[in-house]
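Please read the points below with the model open beside you.

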Amino acid sequence: MSVFKEEQRFTQTWLIVLLIVSILPAFIIIGKAFADGEMGVLNFISVILFILLATGIIFIFKLKTRIDDIGIHYQFFPFHLKMKIILWKSIRQANTRKYDAISEFGGWGFKGGWLWKKKNGIAINVKGHTGIQLVLNDGKKILIGTQKKSSVDSILAKYFNNV
């Protein structure tokens with residue numbers, strides 16, 4: 001039995017630079033207030049920790065994908081606490097494709113549905129522009145981001161074509 005596994009996180013350099021640049025002004029303002037004696041040590045440390053935690057929360061997000069003889073399993077933590085399973089028999093179409101995360105789904109993350117262009121379905125992605133496009137028997141569309149197109153193509157050819 002062949003099994004495809006992939007785990008992705010928000011680790012893009014541009015995202016990390018954007019986060020650092022966006023919190024720098026807050027650090028400068030807080031540092032000046034502390035230096036001027038307008039803020040105590042405990043408040044200073046509390047505010048710094050809050051900013052770091054609020055900014056760093058994006059790094060707990062994780063997309064896990066598994067494809068095996070049962071179907072396609074995915075989990076976008078912390079939204080999904082366990083793997084969701086799409087059985088092969090419930091999939092009408094399955095292929096990899098290029099997509100534009102911003103124009104098609106409104107960005108990266110858990111996107112789509114009633115919040116964006118409903119006809120595109122939902123997207124669960126954290127980086128890149130390649131995804132596993134699924135059309136279910138009920139017409140729903142799901143796109144799951146991947147960084148391993150050739151491996152996904154191979155496993156889809158093995159399992160989806162045999163259903």
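**Notes on the predicted model**

1. Gly 71 is buried, its relative accessible area being 0%. Buried means under 20% relative accessible area, exposed over 50%, and partly exposed in between, with a 1.4 Å probe and protein chains only. Gly 71 lies in strand S3; helices (H or I, at least four residues) and strands (E, at least two) are DSSP runs, numbered from the N terminus. Trp 88 is 17 residues away along the chain, yet the two C-alpha atoms are separated by 4.8 Å. Leaving out residues up to four places away in sequence, Gly 71 touches Arg 66, Ile 86, Leu 87 and Trp 88, where contact means heavy atoms within 4.5 Å.

2. On the basis of the model: this is a predicted structure, in which local features need pLDDT of at least 70 and side-chain atom pairs count only at pLDDT 80 or more, while totals for chains, interfaces and linings use all residues. Residues are numbered from 1 along each chain as its sequence is written, and side-chain values use heavy atoms, with hydrogens and water left out.

3. Is Lys 89 buried or exposed? With 66% relative accessibility, Lys 89 counts as exposed. Lys 89 is in the loop between S4 and S5. Its C-alpha is 9.1 Å from that of Leu 136, a residue 47 positions away in sequence.

4. Thr 96 belongs to strand S5 (residues 91–98) and counts as buried because its relative accessibility is 12%. Which side chains make polar contacts with the side chain of Thr 96? One is Lys 149, at 3.1 Å; another is Asp 153, at 2.5 Å. A polar contact here is a pair of N or O atoms within 3.5 Å; within protein, one must be able to donate a hydrogen and the other to accept it, and residues adjacent in sequence count only if both atoms are side-chain atoms. Not counting residues up to four places away in sequence, Thr 96 touches Gly 131, Ile 132, Lys 149, Val 152, Asp 153 and Leu 156.

5. Thr 146 sits in the loop between strand S9 (141–145) and helix H4 (149–159). Its relative accessibility is 2%, so Thr 146 counts as buried. The side chain of Thr 146 has a polar contact of 2.5 Å with the side chain of Glu 6, and reaches the backbone nitrogen of Lys 148 at 3.0 Å. With residues up to four places away in sequence set aside, Thr 146 touches Phe 4, Glu 6, Gln 8, Thr 130, Gly 131, Ile 132 and Val 152. Lys 127, 19 residues away in sequence, is 8.1 Å from Thr 146, C-alpha to C-alpha.

6. Ile 144 lies in strand S9 and counts as buried, at 0% relative accessibility. Apart from residues up to four places away in sequence, Ile 144 touches Leu 63, Thr 65, Ile 72, Tyr 74, Ile 124, Gly 131, Ile 132 and Leu 134. By contrast, 48 Å separate the C-alpha atoms of Ile 144 and Ala 35, which are 109 residues apart along the chain.

7. Turning to the whole chain, the secondary structure comes to 4 helices and 9 strands. From the N terminus on, the order is β-α-α-β-β-β-β-α-β-β-β-β-α. Buried residues make up 39% of the 163 residues. Of the contacts between residues at least 6 apart in sequence, 54% join residues at least 24 apart.

8. The C-alpha trace spans about 70 × 35 × 25 Å along its principal axes. The radius of gyration is 20 Å, whereas a compact globule of 163 residues would have one near 15 Å. This radius is taken over C-alpha atoms, and the globule rule is 2.2 Å times the number of residues to the power 0.38.

9. There are 22 positive and 10 negative side chains in the protein chain, and the centres of the two sets lie 7 Å apart. Lys and Arg count as positive and Asp and Glu as negative, while His and the chain ends are not counted; each charge is placed at NZ of Lys, CZ of Arg, CG of Asp or CD of Glu.
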